[in-house]
Structure formats: structure tokens, C-alpha cells
Amino acid sequence: QVQLVESGGGLVQVGGSLTLSCAVSGGTFSPHAMGWFRQASGKEREFVSYIRLEMGSTYDADFVKGRFTISKDNAKNTVYLQMNSLKPEDTAVYYCALRTTDCLGCLTNGRAYDYWGQGTQVTVSS
């Protein structure tokens, strides 16, 4: 049973920072990629960032470039999302997701992922 557990969310002021963690357990496969998505209240889920676990290559949504950084610790089976210069519009539930196999141009689409965490709330106050 594969489990993804996010942590690190919370309340932060505008301009502040948070680091989200996503710990993966279970399964007998080597996952191909991990992604972060978010969903604000009343809005659709949107892509934030992904990392290919073997190569370490990453891709970010335009609205987080220069502010958020995705990284991994293979030894800990954990992926991180370092979030700096937070804005009120970053307020959302943040989800991590796991894709087991490679795909062409699909990693920004949440429907491509096989497993999801339960989400962690990030609230940026002004």
C-alpha cells in the first residue's frame, strides 16, 4: 500500500517562507516522478512543480518560478517544496502526487499521477 504523507503547512505572513515535505512509503517500485499541486477554495486544482526522481530534473509553473523550489532526498523517500516570498494568492491546500512511469508531457496534469497525499493547508495572511 503506497502512502504519501504531506507535512509542513501552516499560517504564514506575506513574504514569509514554508517548506512542505512529502514522505513516500510502501510499494515495491521505483517511482518516476513526484509533483506538487494546489487547490484554493472554490478553484480548480492547479499544477505547481514536479521533479523526475532519477534525473533530478524539475519544472515549475510560471507563477512560482523564482519563489518555490522542489527537491528530493532519495535516502528518505521524501520530496520537498521550499516556498519563499509567499503571497496571499498562494493560500491553498497543497497536495503531493506520485507518477510510477515516464510519460511525454504529462507531468503537469494531475490526472497522470497514480497516488496522492491527503494535502496540507497553507494560509498566507496579509
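Let's start with contacts. Among contacts in this chain between residues at least 6 apart in sequence, 57% join residues at least 24 apart. Contact here means heavy atoms within 4.5 Å.

A word on what you are looking at. This is a predicted model, where local features need pLDDT of at least 70, side-chain atom pairs count only at pLDDT 80 or more, and totals for chains, interfaces and linings use all residues. Residues are numbered from 1 along each chain as its sequence is written, and side-chain values use heavy atoms, with hydrogens and water left out.

Now the overall build. The chain has zero helices and eleven strands. Read along the sequence, the pattern is β-β-β-β-β-β-β-β-β-β-β. Helices (H or I, at least four residues) and strands (E, at least two) are DSSP runs, numbered from the N terminus.

What about size? The C-alpha trace spans about 45 × 25 × 25 Å along its principal axes. A compact globule of 126 residues would have a radius of gyration near 14 Å, and the chain has 14 Å, which agrees. That radius is taken over C-alpha atoms, and the globule rule is 2.2 Å times the number of residues to the power 0.38.

Next, the surface. Of the 126 residues, 42% count as buried. Buried means under 20% relative accessible area, exposed means over 50%, and partly exposed is in between (1.4 Å probe, protein chains only). The chain exposes about 6700 Å². Carbon and sulfur atoms supply 46% of that area. The areas come from the Shrake-Rupley method with a 1.4 Å probe; for residues, only the protein chains shown count as cover.

On to charge. There are 11 positive and 11 negative side chains. The centres of the two sets lie 1 Å apart. Lys and Arg count as positive, Asp and Glu as negative; His and the chain ends are not counted. Each charge is placed at NZ of Lys, CZ of Arg, CG of Asp or CD of Glu.

How many salt bridges does a search of the whole structure find? Five. A salt bridge is a side-chain nitrogen of Lys or Arg within 4 Å of a carboxyl oxygen of Asp or Glu.

Find arginine 38 first. Arginine 38 is buried, with a relative accessible area of 5%. Arginine 38 makes a salt bridge with glutamate 46, and their closest N and O atoms are 2.6 Å apart. Glutamate 46 is partly exposed, at 32% relative accessible area. Arginine 38 also meets aspartate 90 in a salt bridge, at 2.9 Å from N to O. Arginine 38 lies in strand 4 (residues 33-39), and aspartate 90 in the loop between strand 8 (78-83) and strand 9 (92-99), so the pair ties together parts that are 52 residues apart in sequence. Both arginine 38 and aspartate 90 are buried. Step back, and Arg38, Glu46, Arg67 and Asp90 are linked in a network of salt bridges.

Now a separate pair. Arginine 52 forms a salt bridge with aspartate 102, with the closest N and O atoms 2.9 Å apart. Arginine 52 sits in strand 5 (residues 46-52) and aspartate 102 in the loop between strand 9 and strand 10 (115-116), so this pair ties together parts that are 50 residues apart in sequence. Arginine 52 counts as buried, at 14% relative accessibility.

Next stop, valine 122. Where is valine 122 found? In strand 11 (residues 120-125). Valine 122 is buried, at 0% relative accessibility. Valine 122 and leucine 18 are 104 residues apart along the chain, yet their C-alpha atoms are separated by 8.5 Å. Not counting residues up to four places away in sequence, valine 122 touches several residues, including Leu18, Leu20, Met83 and Asp90. Remember Asp90: it belongs to the salt-bridge network.

Now for backbone angles. Most residues other than glycine have a negative phi. Asparagine 77 has a positive phi, near 50°. Asparagine 77 lies in the loop between strand 7 (68-73) and strand 8, and is partly exposed at 46%. Serine 85 also has a positive phi, near 50°. Serine 85 lies in the loop between strand 8 and strand 9, and is partly exposed at 42%.

Last, alanine 112. Alanine 112 is in the loop between strand 9 and strand 10. Is alanine 112 buried or exposed? Buried, with a relative accessible area of 10%. Leaving aside neighbours within four places in sequence, alanine 112 is in contact with Arg99 and Cys106.
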